Amino acid sequence: MEDLVAQAWQGRVRVPHFQRDFRWGSQDVVRLFDSIIKGYPIGSLLLWVRHSGVESVTLGELRIAAPEGENTFWVVDGQQRITSIANALHPEGNRHSPFSVHYDLKAQKFVDRPRVMDDYYIPLPILFDLVELIGWFSDSGRGAREYFPVAQRIATMLRQYKIPAYLVRQDDEEVLTDIFDRMNNFGKRLSRAEIFSALFAGPEEGSAQRLSLSRIAERVDAQTGFGLIDANTVLHSIRARRGPDPMRDIRGEFADGDRRVTSDFPGESQESAYAESEAALVRAVAFLQRDAGVPHLSLLTYKALLVVLVRFFAHFPEPTERNRILLRRFYWRAAVGGPTVFKGSFTQVSRILCALVRPGHEETSVQELVKSMDRSVREIPSAVRFRTNEAVGKIILCSWWWLQPRSPLLLVNGTKKRSFGAARRTVDGGARGAPSFPARSPERPAAMGCGPALHSEPDGVPRKLPRGGDPSIRLPERSGLG
């Protein structure tokens with residue numbers, strides 16, 4: 001690493017124009033250096049070796065007057081790591097976030113720049129330079145002289161750390177952009193759920209009996225017939241139950257000693273968190289099916305709303321009848337309004353709405369959720385452009401499901417024919433592989449309705465609507481959308 005840093009400071013490491021901007025934060029840089037001193041691999045570099053002219057090079061916060069050179073290294077893969085290392089170890093770069101990394105001699109770990117400095121915090125540029133390090137212990141750090149052997153050991157590990165690099169010697173820039181494209185777009189990245197599962201997998205022994213994200217999804221489906229919820233939604237549900245921000249960093253989820261992690265259930269074990277989250281998921285799904293009229297996962301408009309409901313039912317397992325009605329109203333207003341209420345971001349949807357659910361305050365939580373939809377769109381969904389995979393299509397299908405058959409018989413050209421009975425029995429599970437949708441509770445008012453293709457006259461006989469009727473969906477006042 002010592003050679004790589006020297007090359008970067010001399011302007012012999014450059015970033016091509018097709019690279020993305022620097023995106024790492026302070027904790028990313030801290031974790032990089034922590035991996036280095038632990039001897040962990042930090043990935044290999046891919047460098048394009050070519051002739052380069054005199055140029056003013058920008059590398060993070062560093063501005064370098066780079067000379068002409070025959071063997072200049074252009075970074076194809078590894079920009080975030082090289083930029084972080086070169087800046088954090090440089091006196092100028094270390095002054096700026098996110099590169100202002102220090103080493104805490106007492107805690108023996110890397111930290112972002114502390115708010116209050118003392119003798120035990122060494123800036124990385126000093127730690128990396130042996131002469132500067134000796135001078136620092138004679139002056140600013142003289143109160144921490146007993147830690148000099150520790151600092152010397154860390155400094156040696158930094159300088160001697162080896163980073164594997166592949167060197168490509170190719171004059172054709174199109175070849176390099178092709179390599180870059182293949183490295184960044186081929187294959188599938190690990191999802192948050194896959195990373196979380198790997199981090200908290202536990203020992204191999206007993207793994208078949210422990211709850212996992214996929215096993216929770218299977219058990220919820222077995223109990224409700226709602227369908228298999230994807231692992232990412234299960235993960236966000238677990239985290240929403242434990243704290244108001246389901247998108248927080250996943251690494252310290254069950255580390256009670258981590259001050260960055262706040263849990264509504266301090267001291268809770270992973271096993272208990274999984275079991276309680278499963279129970280909250282079942283309650284949330286039951287609410288969707290019986291109160292809101294969403295019989296199956298395939299008809300759920302936005303999974304982020306399920307995550308919010310899980311948090312609510314985790315803290316309020318048996319809400320009052322009035323609050324269930326208001327919660328239903330919130331769901332449908334959010335479903336119709338969509339994420340546009342929160343500037344189109346599903347991340348913002350879950351963060352903002354989960355934060356409104358406050359443990360111990362059921363009434364306030366429901367009122368705040370309903371109030372959050374004050375700016376939502378109240379337009380009635382139209383069936384003119386009907387797509388079953390879009391939110392509007394799912395809303396319409398839910399409204400049709402909620403209305404149920406008007407009659408077991410249908411008049412077509414004056415002839416009685418069977419209509420809905422067989423279809424309903426099929427959907428209820430008679431057909432092989434068909435989802436089993438639970439019937440809605442007859443005592444509950446309709447969450448949403450629509451103007452059906454058929455309507456019943458006072459004599460109870462269904463008849464067709466007249467030609468040219470309004471094709472838009474009509475919702476009753478009881479939907480809560482008015």
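The structure, a predicted model, holds 0 disulfides. A disulfide is a covalent bond between the sulfur atoms of two cysteines. Two cysteines were examined for their accessibility. Cys-354 has a relative accessibility of 0% and therefore counts as buried. Cys-398, at 1% relative accessibility, is likewise classed as buried, because the class covers values under 20%.

Arg-242 belongs to helix H10, which spans residues 231-242. The relative accessible area of Arg-242 is 1%, so this residue is buried. The side chain of Arg-242 makes a polar contact with the side chain of Glu-268, at 2.8 Å. Glu-268 is also among the residues that Arg-242 touches when those up to four places away in sequence are not counted. The other residues touched by Arg-242 under this condition include Phe-254 and Phe-265, the acidic residues Glu-253 and Asp-264, and the arginines Arg-248 and Arg-311. Thr-262, Ser-263 and Ala-273 are touched by Arg-242 as well.

The surface carries a nonpolar patch formed by Leu-190, Ile-195 and Leu-199. Together, these residues have about 280 Å² of accessible area. One of them, Leu-199, is found in helix H8, which comprises residues 192-199. Leu-199 has a relative accessibility of 45% and so counts as partly exposed, because this class lies between the 20% limit for buried residues and the 50% limit for exposed ones.

Conventions: Residues numbered from 1 in each chain as written. Predicted model: local features only at pLDDT ≥ 70, side-chain atom pairs only at ≥ 80, totals over all residues. Heavy atoms only, no water. Patch = residues over 30% accessible without salt bridge, like charges linked within 9 Å, V, L, I, M, F, W, Y side chains within 5 Å. Areas by Shrake-Rupley, 256 points an atom, 1.4 Å probe, with all protein chains shown as cover. Salt bridge = Lys/Arg side-chain N within 4 Å of Asp/Glu carboxyl O. Helix = DSSP H or I, 4+ residues; strand = E, 2+ residues; numbered from the N terminus. Buried < 20%, exposed > 50% of the residue type's maximum accessible area, 1.4 Å probe, protein only. Polar contact = N/O pair within 3.5 Å; in protein donor to acceptor, adjacent residues only side chain to side chain. Contact = heavy atoms within 4.5 Å. Disulfide = S-S within 2.5 Å.
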